[in-house]
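Here is a short briefing on a protein structure. Look over the sequence and the 3D view, then work through the points below.

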Amino acid sequence: MNASSLRRIGQMLLIPILAVFTALVVGALVMWIFGDDPLAAYRGLINGAFGSARAWSTTIRKMTPLILTGLSVAVAFKAGLFNIGASGQFIIGTVCSVAVGINFPGLPAFIHLPLALLAGIAGGVLWGFIPGALKVFTGAHEVIVTIMLNYVASLFAGWTVYAGGTQGQTPGPLWDTAAGPISRTPEVFESARIPWIFGDPYRIHWGVALALLVALLMWWIIFKTTLGFATRTVGANNKAARYAGINVKWITILTMMIAGGLAGLAGAIETLGLNHRFAPEFTGGVGFDGITVALLGQTNPLGVVLSAFLLGALDAGGARMQFDSGVAADIIQVIQALVLAFVAAPMIIRQLYRLRKPSDQVEATVFSSGWGR
Amino acid sequence: MGKQRYRITSYIIGGILLVFLVMALLVNTTSLGENTWLRVFFGVSALNFTLRASVPLILGAMSGILCERTGIINIGIEGMMLAGAFAAFVAKTSTNHWPLMSSLLFGVAVALAVGGVMGWLHAVFSIRYRMDQIISGTVLIILAAGISAYLFDRNAVAEGKFGAIALPGLSQIPVVGEVLFTNPPLTYTTLILVVVIHIALFYTKWGLRSRACGEHPRAADTVGINVNRFRYMNTIIGGMLAGLAGGFLVLEAVGQFQEGMTAGRGFISLAAMIFGNWMPFGAMGAALLFGYTQALQNELLLAGVTTVPRQFVSMIPYVVTIVAVSGFVGRVRPPAAEGKVYETEGGSE
């Protein structure tokens with residue numbers, strides 16, 4: 001690796017690092033203004049994320065779904081699409097994988113587990129296909145459609161595990177009959193579970209390796225294949241792509257399907273590896289976090305892994321922070337919003353730290369050119 | 001989008017309203033009201049619920065219209081609403097010992113102010129720092145959710161909320177009086193605001209200039225309009241309207257604050273704005289339609305209809321929104337310059 005490429009990587013990392021640092025400083029200011037002790041909070045945060053083997057394992061566990069939802073949003077960004085729907089796709093992926101996981105007893109694991117994972121991916125693909133196809137064929141903006149589908153997904157998921165009501169409402173098809181009035185599914189069969197790398201108390205499963213592999217695969221697809229090139233061209237200049245003979249409609253739909261599939265896989269992995277069941281309180285919050293992960297990672301799959309690690313650490317440390325210092329863990333969400341703001345507007349960071357704009361650096365993608373086609 | 005089509009659309013909407021009026025009168029004053037299904041669809045309680053559910057959507061849509069007519073996409077309405085709701089709640093709970101009305105009005109003022117600050121933040125991000133407008137909106141949504149959860153005192157209780165004021169005379173009209181003229185103050189305010197915004201946008205110099213900034217900023221600049229100043233101003237006013245919608249939720253509809261209580265209303269407002277072709281009355285009509293679907297879901301539950309699972313009934317507004325934006329986006333026309341940063345010739349930063 002020569003000096004100039006090192007400098008390039010340094011430049012790519014500079015803004016995200018400064019963005020995170022600034023967000024932490026502003027977050028500390030907010031805590032201080034409202035009478036909390038930021039130093040104690042951050043000490044708790046670091047302890048909770050990296051203080052022990054248990055803490056590290058929590059960070060890795062939280063990182064796993066974020067890698068995939070981050071990739072989901074990032075891939076859509078590459079084609080100039082904004083996928084706010086990763087949470088809905090995540091939930092549908094969860095429900096589909098559970099539906100396979102709690103059925104088919106006696107299947108060998110080498111069939112049952114891949115089948116359950118594929119079901120999760122398929123659910124997500126479908127949930128991504130809808131906004132993609134609607135955008136292409138009717139001009140409906142993917143932002144509105146994916147947001148609405150998030151609500152539809154969580155209501156649908158809620159229905160599948162619904163325990164029934166006092167007025168004689170029928171319970172949902174995936175409801176655990178042994179759970180009494182509790183709305184949840186039974187646990188998936190042993191043969192559909194992702195095996196542990198480290199069992200209790202660490203609870204790290206092979207899903208994390210799978211997520212990392214998928215990140216590598218996406219990097220390869222985006223930067224080394226014709227499909228990836230077409231996708232990036234569509235994102236950079238829709239018209240030029242059409243003149244170059246790229247089927248923009250197909251790329252748009254396909255990208256949304258891939259994005260949906262990635263988020264669906266996140267849901268499947270989270271369920272088959274960790275929760276082993278679905279209950280309505282397992283929401284798709286990680287889908288929304290995927291936006292921050294994708295932008296912090298500069299929409300590069302390898303950057304996404306790094307930023308998923310960072311956000312996973314923030315998530316992991318939050319609980320310990322609240323326990324140790326009494327600062328409400330919700331401050332983490334504020335810090336995440338600030339991170340997102342600073343990476344999306346590098347101008348703020350550049351002005352703050354008096355940085356010059358490097359000539360070869362691409363500005364953040366602009367894709368909000370109205371609601372129309 | 002010729003005049004002809006516009007007139008036909010108005011006739012259709014007028015016809016639907018007339019049918020509703022007649023049905024509502026019949027169902028609520030004659031023996032037709034004994035039919036459960038007719039009561040679900042046309043009962044006074046369904047119509048009242050429709051209006052109550054529509055108010056935040058109407059305000060949100062007005063917020064969207066003001067921003068987008070000058071060229072700023074505002075997807076952060078959801079966050080502005082939530083911030084307004086939380087601000088109103090904090091203001092109300094910290095002035096519980098005041099006389100009820102002044103405490104409530106103080107809540108409204110604070111909701112407007114905080115909404116305005118959120119609007120200003122959106123303008124700074126997207127104009128000054130050229131952040132993508134959709135991402136800036138997303139930042140506001142996450143920020144509002146985070147801050148309100150972080151500061152929410154779960155033991156605090158807001159005491160009292162706005163009550164209905166029956167307009168003398170008008171409220172005596174059967175059915176119509178009950179639905180339209182027996183409402184709490186913010187509902188009246190909202191309906192008046194729609195008229196005011198329509199007149200301001202289409203019959204004043206300010207409105208003409210605002211629209212010019214959204215359609216052709218370069219031309220507006222050439223005739224001496226300060227494009228970015230208009231964008232700042234309208235985004236701040238838009239933020240205040242969204243903040244008022246949040247204030248309505250806390251001070252008039254629910255009476256308390258819950259985390260994430262806006263529950264997608266900001267996004268549905270956006271759909272109403274698109275559905276209504278960026279016109280105040282059109283957006284109000286769309287908002288009423290969305291409100292009506294929510295009312296139906298409520299009435300079906302109350303009527304004990306359990307054949308359709310509750311969750312599917314709750315999906316209706318969201319599915320209607322998807323159908324609406326897919327069916328109408330191709331046929332409506334957003335402001336031409338929306339979502340694009342405007343830089344003066346040769347100047348920057």
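Chain A has 14 helices and 2 strands. Helices (H or I, at least four residues) and strands (E, at least two) are DSSP runs, numbered from the N terminus. This is a predicted model, in which local features need pLDDT of at least 70, side-chain atom pairs count only at pLDDT 80 or more, and totals for chains, interfaces and linings use all residues. Residues are numbered from 1 along each chain as its sequence is written, while chains are lettered from A and ligands numbered from 1 in the order in which they are written.

**Chain A overall**

- The radius of gyration of chain A is 21 Å, close to the 21 Å that the globule rule gives for 373 residues, so chain A is as compact as a globular protein of that length. The radius is taken over C-alpha atoms, and the rule is 2.2 Å times the number of residues to the power 0.38.
- Along the principal axes, the C-alpha atoms of chain A fill a box of roughly 65 × 55 × 45 Å.
- Of the 373 residues in chain A, 53% are buried. A residue is buried if 20 or more other C-beta atoms lie within 10 Å of its own, exposed if 12 or fewer, and partly exposed in between; C-beta atoms are placed from the backbone.
- Among contacts in chain A with a separation of 6 or more, 75% join residues 24 or more positions apart. Two residues are in contact if their C-beta atoms, placed from the backbone, lie within 7 Å.

**Helix H4 of chain A**

- Helix H4 (residues 86–101) of chain A has 16 residues and should span 22 Å at 1.5 Å a residue; its end C-alpha atoms are 22 Å apart, which agrees. The expected span is 1.5 Å times one less than the number of residues.
- In H4(A), 15 of the 16 residues are buried, so this helix is largely enclosed by the rest of the structure.

**Backbone exceptions in chain A**

- Most residues other than glycine have a negative phi, and most peptide bonds are trans.
- The peptide bond from A:Asp200 to A:Pro201 is cis, with omega near 0 degrees. A:Pro201 sits in the loop between strand E1 (196–198) and strand E2 (204–205) of chain A.
- A:His276 is not a glycine, yet has a positive phi of about 65 degrees. A:His276 counts as partly exposed, with 19 C-beta neighbours inside 10 Å.
- A:Arg354 also has a positive phi, near 50 degrees. A:Arg354 lies in the segment after helix H14 (346–352) of chain A and counts as exposed because it has 6 C-beta neighbours inside 10 Å.

**Chain B**

- Chain B has 14 helices and 2 strands.
- A compact globule of 349 residues would have a radius of gyration near 20 Å; chain B has 21 Å, which agrees.
- In chain B, 50% of the 349 residues count as buried.
- Helix H3 (residues 44–69) and helix H12 (residues 265–275) of chain B pack at about 65 degrees, with their axes 8 Å apart. Axes are lines fitted to C-alpha atoms, for helices over the stretch in contact, and angles run from 0 to 180 degrees between N-to-C directions.

**Where the chains meet**

- The contact takes 46 residues from chain B and 44 residues from chain A.
- On the side of chain B that touches chain A, H6(B) gives the largest share, 13 residues.
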